[in-house]
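Please read the following note alongside the sequence and the model. The points are numbered so that each can be checked in turn.

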Amino acid sequence: MSIDECECMQPRLWDCERNGVFLGLDMTNSRYGDVWFYQCPNCAKNWLKVG
């Protein structure tokens, strides 16, 4: 499977979101967003998510 074909490239719930690692808070400009690291179990692509 190529990375472009992986479901993590689609805008929906990914399998990799189940096994995220919390990295901390983004306090830039008082944003206070949670920062998470995810790695897709299918294609091994790494993702950072701030929310």
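1. W36 is partly exposed, because its relative accessibility is 30%; buried means under 20% relative accessible area, exposed over 50%, and partly exposed in between (1.4 Å probe, protein chains only). Y38, by contrast, is buried, with a relative accessible area of 7%. The model is predicted: local features need pLDDT of at least 70, side-chain atom pairs count only at pLDDT 80 or more, and totals for chains, interfaces and linings use all residues. Residues are numbered from 1 along each chain as its sequence is written, and side-chain values use heavy atoms, with hydrogens and water left out.

2. How many aromatic pairs does a search of the whole structure find? The search finds 2, where rings of Phe, Tyr and Trp (its six-membered ring) pair if their centres lie within 6.5 Å; planes under 30 degrees apart count as stacked, over 60 as edge-to-face and the rest as tilted. The rings of W36 and Y38 are stacked, because their centres are 6.3 Å apart and their planes are at 10 degrees. Ring pairs join F22, W36 and Y38 in a cluster.

3. The sheet is open and has 3 strands, in the order β1-β2-β3, with antiparallel pairing. Strands here are DSSP runs (E, at least two residues), numbered from the N terminus, and two strands pair if DSSP finds at least two bridges between them. The edge strands, β1 (21-26) and β3 (46-50), each pair on one side only. From one strand to the next, the twist averages 20 degrees; axes are lines fitted to C-alpha atoms, and angles run from 0 to 180 degrees between N-to-C directions.

4. Strand β2 (residues 33-39) is joined to β1 by 5 bridges, and the two run antiparallel. V21 has F37 in β2 as its bridge partner.

5. D26 belongs to strand β1 and counts as buried, because its relative accessibility is 17%. Its side chain makes a polar contact with the side chain of T28, at 2.7 Å. A polar contact is a pair of N or O atoms within 3.5 Å; within protein, one must be able to donate a hydrogen and the other to accept it, and residues adjacent in sequence count only if both atoms are side-chain atoms.

6. Both C40, with a relative accessible area of 4%, and C43, at 17%, are buried. A search of the whole structure finds 0 disulfides, a disulfide being a pair of cysteine sulfur atoms within 2.5 Å.

Technical notes: Helices (H or I, at least four residues) and strands (E, at least two) are DSSP runs, numbered from the N terminus.
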